[in-house]
Amino acid sequence: MRNGIIAAMMVLLAGCGSTAGDEAAEPVEEAWVRLPAVDGRPGAAYFTLNGGEAGDVLIAVDSPAAATVELHESRIEGEAMTMRPVEAIEVPADGSVTLAPRGLHAMLFGLASDLEPGGTLPLNLRFDSGRDVQVDARIVGAGDPAPFGEAAE
Ligand SMILES: [Cu+2]
């Protein structure tokens, strides 16, 4: 019971994070990576981008733990889930964009073989403004639930 109350309070607090006038949000938060079910297949990275006062455009992602990283968008076409590369992800001023399963993601090809659930994977995000942001994405296993966002519950 008590845990339920604490969880509810955390949700409320999280909901306040985007209120204007608060301390500036980190440009990249809640980064995580889902490992592939089969070794050698690509993994997918997800995170939330905050545009800050001016907004920005994510133009590339790379990682020392992956040979190549592409920005992708998943979409339902007919009854099949397909994905296509996207050139960039625009983050509006005072807004945010969340990459999440079934939507936008960063696809990681040629993953290092020593990645374990519970560990972290460094990501470097390059923005059109010239800014580079490094984050450590939390690694989850192929069948594990998302550690952040609505799907985390
Ligand atoms: Cu993809």
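Is Leu-99 buried or exposed? Leu-99 is buried, with 24 other C-beta atoms within 10 Å. A residue counts as buried if 20 or more other C-beta atoms lie within 10 Å of its own, as exposed if 12 or fewer do, and as partly exposed in between; C-beta atoms are placed from the backbone. This is a predicted model: local features need pLDDT of at least 70, side-chain atom pairs count only at pLDDT 80 or more, and totals for chains, interfaces and linings use all residues. Residues are numbered from 1 along each chain as its sequence is written.

**Overall layout**

- The chain has one helix and 10 strands. Helices (H or I, at least four residues) and strands (E, at least two) are DSSP runs, numbered from the N terminus.
- From the N terminus on, the order of elements is α-β-β-β-β-β-β-β-β-β-β.
- Of the 153 residues in the chain, 24% are buried.
- Among contacts with a separation of 6 or more, 67% link residues 24 or more positions apart. Two residues are in contact if their C-beta atoms, placed from the backbone, lie within 7 Å.

**Confidence**

- The average pLDDT of the chain is 88, and 82% of the residues score at least 70. pLDDT is the predictor's confidence in each residue, from 0 to 100.
- Over residues 15-19, pLDDT stays under 50. The model has three contacts beyond four places in sequence for this stretch.
- Where pLDDT is low, the predicted coordinates should not be read in detail.

**Strand 1 and its partners**

- Strand 1 covers residues 28-34. Six of its seven residues are buried, so the strand is mostly covered.
- Strand 1 runs antiparallel to strand 2, and five bridges join them. Two strands pair if DSSP finds at least two bridges between them.
- Val-33 has Ala-45 as its bridge partner in strand 2.
- Strand 1 runs parallel to strand 10 (residues 132-140), with three bridges between them.
- On the strand 10 side, Trp-32 is partnered by Arg-138, and Arg-34 is partnered by Val-140.
- In a regular strand the side chains alternate between the two faces of the sheet.

- Strand 9 (residues 120-127) is antiparallel to strand 10, and seven bridges join the two.
- Leu-123 stands opposite Val-135 in strand 10.
- The hairpin of strand 9 and strand 10 has four residues between the strands. Gly-130 in this hairpin takes a positive phi near 100°.
- Strand 3 is joined to strand 9 by four bridges, in the antiparallel sense. Asp-62 faces Asn-124 of strand 9 in this pairing.
- Strand 3 also pairs with strand 6, antiparallel, over three bridges. Here the partner of Val-57 is Glu-90 in strand 6.

**Nonpolar core**

- The largest nonpolar core holds 28 residues. Ala-31, Val-33, Ala-45, Phe-47, Leu-108, Leu-123 and Ala-137 touch the most other members.
- At least two residues of this core come from each of strand 1, strand 2 (43-50), strand 3 (56-62), strand 4 (66-77), strand 8 (104-111), strand 9 and strand 10.
- A nonpolar core is a set of buried Ala, Val, Leu, Ile, Met, Phe, Trp, Tyr and Cys residues joined through C-beta atoms within 7 Å.
- Beyond its neighbours within four places in sequence, Val-33 is in contact with Gly-43, Ala-45, Leu-108, Leu-121, Ala-137 and Ile-139.
- In soluble globular proteins, nonpolar side chains tend to be buried together.

**Loop residues**

- Leu-99 sits in the loop between strand 7 and strand 8. Neighbours within four places aside, Leu-99 contacts Tyr-46, Phe-47, Leu-104, His-105 and Ala-106.
- Leu-99 and Glu-73 are 26 residues apart in sequence, with 9.0 Å between their C-alpha atoms.
- Arg-102 lies in the loop between strand 7 and strand 8. Arg-102 is exposed because 12 other C-beta atoms lie within 10 Å.
- Arg-102 has a positive phi of about 75°, although it is not a glycine.
- Asp-94 is in the loop between strand 6 (89-91) and strand 7 (96-98). Its phi is positive too, near 60°.
- Asp-94 counts as partly exposed, with 14 C-beta neighbours inside 10 Å.
- Most residues other than glycine have a negative phi.
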